[in-house]
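Morning, everyone. Please look at the sequence and the model on the screen. I'll go through a few places in turn.

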Amino acid sequence: MTVARRDVIIDEAPIFETIAASQKQSASLVRDILAKAQELHGLAPDEVAPLMNVSDPELLGELFKAASEVKEAIYGNRLVLFAPLYISNLCANECLYCAFRNRNAKVKRRALNQDEIAAEIKSLVEQGHKRVLLVAGESYPDEGFSYVLKSIETIYATRSGKGEIRRVNVNVAPLPVEEFRQLKAAKIGTYQLFQETYHQETYKKVHLKGKKTDYEWRVTAMDRAMEAGIDDVGIGVLFGLCDWRFEILALMQHIGHLEARFGVGPHTISVPRLEPAVGSQMASHPPQPVSDVDFRKIVAILRLAVPYTGIIMSTRETAKMRRETFALGVSQISAGSRTNPGGYASQEKEDEAQFCLGDHRPLDEVIRDVASLGYIPSFCTACYRLGRTGADFMDLAKPGEIKSHCSPNALSTFMEYLIDYGSAESRTQGESVIANSLAKMDDVLRAKTERMLAMVREGQRDVYC
Ligand code: SAM
Ligand code: SF4
């Protein structure tokens, strides 16, 4: 087998070879790989490949079961919640799948001013959100990139009642190192960027204009972010553009590169599937659609391959698909999302949106649903505020210790949500999941968590360990 070259981040030849070689996998090989994955040390690309070909229902069931067990061992029953905040849909690029693409006349262009951003944040805070993902097209108003920096400042400075946003993650176009340094200084949480497709030829076909045509500039973005000191980075693929098997193995190469160069891989992986978008034929008819079964397989395989990396599931997917993937490995979800700038403060203007959503439910309904399934919706933002990022986070996460911080923090922030923003039904549902979670803890952890919960009930906010 050809070994991936070290001088490139993505080396396509070994990926195709691995896919071809994995066609002849046996059930016993798959079972051996699943047993290895359950040791929680992750998998190598040639171990991931046979899992991608599993189609026998019994073996598929075993794959899903193994992923659920790994998810439970590392993350317990927590699901971290966030909302995307679209500040602008101006864009100089021509990505054929996206409604914001430059030549799309069907979308009304809008960049929110700082007052409008504050209004959006108030609306999100009043729903109970604590984390936002700032999103923008690749073109800024006259002030240039400082528009993004100002927007982050506005988000952190805006309060409503007892609430505020405590972590701003950012999904904007790749930057030079110096601007990544400015992002870091603005105290962002994770810098997130999707390669869309790692396959160079496909990449070229779907990106027709602007800076985004440069594959190299994009695939090296995380290197520059990490060089600038941002140690929580989030990667992803837009599934539907190219063969998903190729993309998974390429993701593995990207992760391997970051681990080799910086000693730590990505903090999160996102798995967006192409959704219909106004003014995009391609989005309604993906070149290589990913079926629902394969999509669940993608989540399960990633959970086994990189057990300590968070997996993010957005509201592109339906409530049903989101529910199914929670157990398979998802650790973060968006809720109550709008993908049009200004969409939270005013409910109209869908003609400014980026793509169609699969899950339109408001935050409180998602919370109730998640809790009814036995998960703890978490609004925790402790790690990055305590400097537990990058390699420090991974060191803590690896022995499973993160649970002793994350579980109490999840419960205290959930309690805060229930008291300050939850509907009566959510409160009833929530109190019952909190009680169940406490019952499962050992005495020391339970005592610590109960103390934190008592502080929240007495009126303290932002209680974390
Ligand atoms: N403009 C920046 C960029 O392209 O990286 C950042 C923001 S862009 C709005 C965020 C992501 O939306 C893209 O990386 C892409 O994966 C996703 N996206 C675009 N069109 C989509 C569609 N039709 N369905 C699902 N996701 C889509
Ligand atoms: Fe612009 Fe990003 Fe949409 Fe491409 S995906 S058109 S860069 S907003």
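First, a term. A residue is called buried when its relative accessible area is under 20%, and exposed when that area is over 50%. Keep in mind that this is a predicted model.

Let's begin with helix 19. Which residues of helix 19 are buried? They are Ser426, Gly430, Val433, Ile434, Ser437 and Leu438. Viewed down the axis of helix 19, its buried residues fall within an arc of 140°, so they line one face of the helix. What sits on the face turned away from that buried side? There you find the exposed residues Ala424, Glu425, Thr428 and Ala439. A reminder on helices in general. An α-helix has 3.6 residues a turn, so residues three or four places apart point the same way.

Now the length. Helix 19 covers residues 424–440, which is 17 residues. At 1.5 Å a residue, helix 19 should span 24 Å. Its end C-alpha atoms are 25 Å apart, which agrees.

Next, empty space. Rolling a probe the size of a water molecule over the atoms shows where empty space is left. How many cavities of 30 Å³ or more does a search of the whole structure find? It finds six.

Take the largest cavity. Its volume is about 700 Å³. The lining of the largest cavity has 45 residues. Nearest its centre lie Tyr86, Asn171, Phe194, Arg316 and Gln354. By type, the lining of the largest cavity has 25 nonpolar residues, eleven polar and nine charged.

On to the second largest cavity. It holds about 310 Å³ of space. Its lining has 22 residues, and Arg78, Val80, Arg131, His267 and Phe393 lie nearest the centre. Strand 1 turns up here too, with at least two lining residues. Helix 16 (382–385) and helix 18 (402–420) also supply at least two each. Which element gives the largest share of the lining of the second largest cavity? Helix 16 does, with three residues. By type, that lining divides into ten nonpolar, seven polar and five charged residues.

Now the aromatic rings. A pair of aromatic rings is described by the distance of the centres and the angle of the planes. Ring centres within 6.5 Å count as a pair. How many aromatic pairs does that rule give? The count is eight.

One of them joins tyrosine 86 and phenylalanine 100. Their ring centres are 6.0 Å apart and their planes stand at 80°, so the pair is edge-to-face. Tyrosine 86 lies in strand 1, and phenylalanine 100 lies in the loop between strand 1 and helix 5 (114–127), so the pair ties together parts that are 14 residues apart in sequence. Tyrosine 86 counts as buried, at 5% relative accessibility. Phenylalanine 100 counts as buried as well, at 4%.

Another pair is phenylalanine 180 with tyrosine 191. Here the centres are 4.8 Å apart and the planes are at 75°, so this pair is edge-to-face. Where do the two partners lie? Phenylalanine 180 is in helix 7 (residues 177–185), and tyrosine 191 is in strand 6 (residues 191–192), eleven residues apart. Phenylalanine 180 is buried, with a relative accessible area of 0%. Tyrosine 191 is buried too, at 0%.

There is also an aromatic cluster. Phe379, Tyr417 and Tyr421 form it.

Now two backbone angles. Leucine 40 has a phi near 70°, a positive value in a residue other than glycine. Leucine 40 sits in the loop between helix 2 (27–37) and helix 3 (45–52). Lysine 187 has a phi near 65°, again positive in a residue other than glycine. Find lysine 187 in the loop between helix 7 and strand 6. Is lysine 187 buried or exposed? Lysine 187 is exposed, with a relative accessible area of 56%.

Last stop, tyrosine 464. Tyrosine 464 lies in the segment after helix 20 (443–457). At 31% relative accessibility, it counts as partly exposed. How far is tyrosine 464 from valine 233? The two are 231 residues apart in sequence and 23 Å apart in space, C-alpha to C-alpha.

That's my tour. Over to you.

How values were computed
Residues are numbered from 1 along each chain as its sequence is written. Chains are lettered from A and ligands numbered from 1 in the order in which they are written. This is a predicted model: local features need pLDDT of at least 70, side-chain atom pairs count only at pLDDT 80 or more; totals for chains, interfaces and linings use all residues. Side-chain values use heavy atoms; hydrogens and water are left out. Helices (H or I, at least four residues) and strands (E, at least two) are DSSP runs, numbered from the N terminus. The expected span of a helix is 1.5 Å times one less than its number of residues. Buried means under 20% relative accessible area, exposed over 50%, partly exposed in between (1.4 Å probe, protein chains only). The arc is that of the directions from the helix axis to the C-beta atoms. On a 1 Å grid over the protein atoms alone, a cavity is a set of points where a 1.4 Å probe fits but cannot get out, and a pocket is an open set with protein on both sides within 12 Å along at least five of seven lines; lining residues have an atom within 4 Å of a point. Grid points are joined across faces, edges and corners, and a volume is the space filled by probe spheres set on the points. Ala, Val, Leu, Ile, Met, Phe, Trp, Tyr, Cys and Pro count as nonpolar, Asp, Glu, Lys and Arg as charged, and the others, Gly among them, as polar. Rings of Phe, Tyr and Trp (its six-membered ring) pair if their centres lie within 6.5 Å; planes under 30 degrees apart count as stacked, over 60 as edge-to-face and the rest as tilted.
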